[in-house]
Amino acid sequence: MARVLVIGLDPAKLEGWDPEPIQTALARGRARFADSGIEADWCLVALDDDTEAVVVEALRRDDYAVVVIGGGIRRHEPLLDFFEKLINLVRRQLPDAAIAFNTSPEDCLDAALRWLPRDPGGAGRL
């Protein structure tokens, strides 16, 4: 079974944010994966000196078919450099993995499904 890695910002470690609504949405997103039978790992990061190492460790955990990168990383302009690093880390660590983008924590499954193989020998859409 193909596995998915979701990379996003850890809402509990963002200053000036109430993490509860995002944590609730993350729980719903995780439940959707569980209900679908698709295995997903989550890498929620803080923006500190260890972020790159945490992401590399997560990318090396398994041979993921799809890596979903969260909107909090992509949409916040001051994180553009980090977003670029993240894309290149995924490309180097998992060159065969598809990269997908969600719009919220709840639609990570939808983003992954766009790229997951439809059958054991198949490939996602191009």
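Is Val90 buried or exposed in this predicted model? At a relative accessibility of 1%, Val90 counts as buried, where buried means under 20% relative accessible area, exposed over 50% and partly exposed in between (1.4 Å probe, protein chains only). The model is predicted, so local features need pLDDT of at least 70 and side-chain atom pairs count only at pLDDT 80 or more, while totals for chains, interfaces and linings use all residues. Residues are numbered from 1 along each chain as its sequence is written, and side-chain values use heavy atoms, with hydrogens and water left out.

**Figure 1. Overall architecture of the chain.** The chain has 5 helices and 4 strands; helices (H or I, at least four residues) and strands (E, at least two) are DSSP runs, numbered from the N terminus. Read from the N terminus, the elements follow the order β-α-β-α-β-α-α-β-α. The radius of gyration is 14 Å, close to the 14 Å that the globule rule gives for 126 residues, so the chain is as compact as a globular protein of that length. This radius is taken over C-alpha atoms, and the globule rule is 2.2 Å times the number of residues to the power 0.38. Of the 126 residues, 40% are buried.

**Figure 2. Surroundings of Val90.** Val90 is found in helix H4. Not counting residues up to four places away in sequence, Val90 touches Leu59, Val67, Pro95 and Ile99, contact meaning heavy atoms within 4.5 Å. Val90 and Val56 are 34 residues apart in sequence, yet their C-alpha atoms are 8.2 Å apart in space.

**Figure 3. The buried face of helix H2.** In H2 (residues 51-59), the buried residues are Thr51, Val55, Val56, Ala58 and Leu59. Seen down the helix axis, these buried residues fall within an arc of 160°, so they line one face of H2; the arc is that of the directions from the helix axis to the C-beta atoms. The exposed residues Ala53 and Glu57 are carried on the face turned away from the buried side. Cover for the buried residues of H2 includes strands S1 (3-9), S2 (39-45) and S3 (66-69), together with helix H4 (80-93).

**Figure 4. The largest nonpolar core.** A nonpolar core is a set of buried Ala, Val, Leu, Ile, Met, Phe, Trp, Tyr and Cys residues joined through side-chain atoms within 4.5 Å. Of the 21 residues in the largest core, Leu5, Ile7, Val55, Leu59, Val67 and Ile73 touch the most other members. Two or more residues are given to this core by each of S1, S2, H2, S3 and H4, and the largest share, 5 residues, comes from H4. Apart from this core lies another, of 15 residues, among them Val4, Trp42, Ala98 and Leu109.

**Figure 5. The loop residue Asp10.** Asp10 is found in the loop between S1 and helix H1 (19-36). With a relative accessible area of 14%, Asp10 is buried. Leaving out residues up to four places away in sequence, Asp10 touches Leu44, Val45 and Ala46.

**Figure 6. The cysteines Cys43 and Cys108.** A disulfide is a pair of cysteine sulfur atoms within 2.5 Å, and by this rule the count comes to 0 disulfides. The sulfur of Cys43 is 13 Å from the closest cysteine sulfur, in Cys108, which is too far for a bond. Cys43 is buried, with a relative accessible area of 3%, and Cys108 also counts as buried, at 1% relative accessibility.
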